[in-house]
Amino acid sequence: MSTTEPLPAAEAAPPLAGVPDVPADVLAELRSTWLPRPEPDSAGRAERHRLAEAARRLIEAVKLVDPEGDADALGSVADEVSDLAARIAALPSVEQRTPSFEDLQLHERSPFVGAANPLAPPMELEADGPVVRAHAVFGAAYEGPMGRVHGGYVAAAFDEVMGVAQSGAGALGMTAYLTVRMKRGTPLHQRIDYEAEVVRVEGRKAWVEARSYADGVLVADGEGLFIRARAV
Ligand SMILES: CCCCCCCCCCCCCC(=O)SCCNC(=O)CCNC(=O)[C@H](O)C(C)(C)COP(=O)(O)OP(=O)(O)OC[C@H]1O[C@@H](n2cnc3c(N)ncnc32)[C@H](O)[C@@H]1OP(=O)(O)O
């Protein structure tokens, strides 16, 4: 894992024309489903997070295990993991009860930042006024071209970071489109830094721009349109 420090905070810039100056408490409320990541609210949730972390290590190990190694050893662990999956599936499921407020939060369930989601690297988020920053390390399971993150995951990570940054419009909406220019490969196994910010707002529409960096070098940039629901 790289020890690259986060990108230095940009110098305070004047608000962009056409972008509202959203009060800090409103920004914090809009972003609260993603950040800050709270301490687990129960012993069970803490254990679920530990299970998700173990599952991430399992996914990485399975992706990397050598098929030219000992076939019997592989078969034996395949049986064990299969039994384990059945044991976990036999435990009570969140889908069998009304979800709690905490269950629904994206810092819990998102495929990028969710502590309980083994598919989440997990990405870490922070906010600096209207600018949202994030970082993540993508393991072997995200590989597309050798040593690089699959382009679909490159774009999906932008959607996550832009989805949080759209809060700079003073409201939340859904991604209508997303354009990502992949300028260089996004490397696996090293910290990737992101920054995103709303650049234009018109009615229900908010345009967000974002960039990603590996070791301080720009690897991708893009923009997305987020559209909030019509008032009912
Ligand atoms: C209740 C609140 C819920 C909020 C939840 C947020 C949770 C946060 C989670 C964050 C998740 C993170 C991110 C995720 O993962 S979001 C998950 C991935 N995204 C989706 O699933 C979105 C699917 N699409 C839709 O739901 C609708 O199409 C949306 C809501 C996007 C618009 O449907 P709506 O019926 O509202 O639109 P409208 O027809 O009245 O058009 C309005 C205006 O927009 C223009 N236009 C429309 N589409 C496009 C387009 N593709 N490109 C360019 N322009 C487009 C259109 O021309 C018109 O312009 P104008 O004529 O006015 O100039």
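Trainee: Why is Val113 called buried?

Mentor: Val113 has 26 C-beta neighbours inside 10 Å, and a residue is buried if 20 or more other C-beta atoms lie within 10 Å of its own, exposed if 12 or fewer, and partly exposed in between, with C-beta atoms placed from the backbone, so Val113 counts as buried. This is a predicted model, in which local features need pLDDT of at least 70 and side-chain atom pairs count only at pLDDT 80 or more, while totals for chains, interfaces and linings use all residues. Residues are numbered from 1 along each chain as its sequence is written.

Trainee: Where is Val113 placed, and between which elements?

Mentor: Val113 is in the loop between helix H5 (106–109) and strand E1 (124–128), where helices (H or I, at least four residues) and strands (E, at least two) are DSSP runs numbered from the N terminus.

Trainee: What does Val113 touch, not counting residues up to four places away in sequence?

Mentor: Contact is given to two residues whose C-beta atoms, placed from the backbone, lie within 7 Å, and on that count Val113 touches Trp34, Leu106, His107, Ala120, Pro122, Met123, Leu125 and Glu160.

Trainee: Which residues surround the ligand?

Mentor: A residue is near a molecule or strand if its C-beta atom, placed from the backbone, lies within 6 Å of it, and the residues surrounding the ligand include Asp159, Met174, Tyr177, Lys205 and Arg230. Two or more residues of this shell come from each of helix H6 (151–165), strand E3 (174–182) and strand E6 (217–227), and E3 gives the largest share, four residues.
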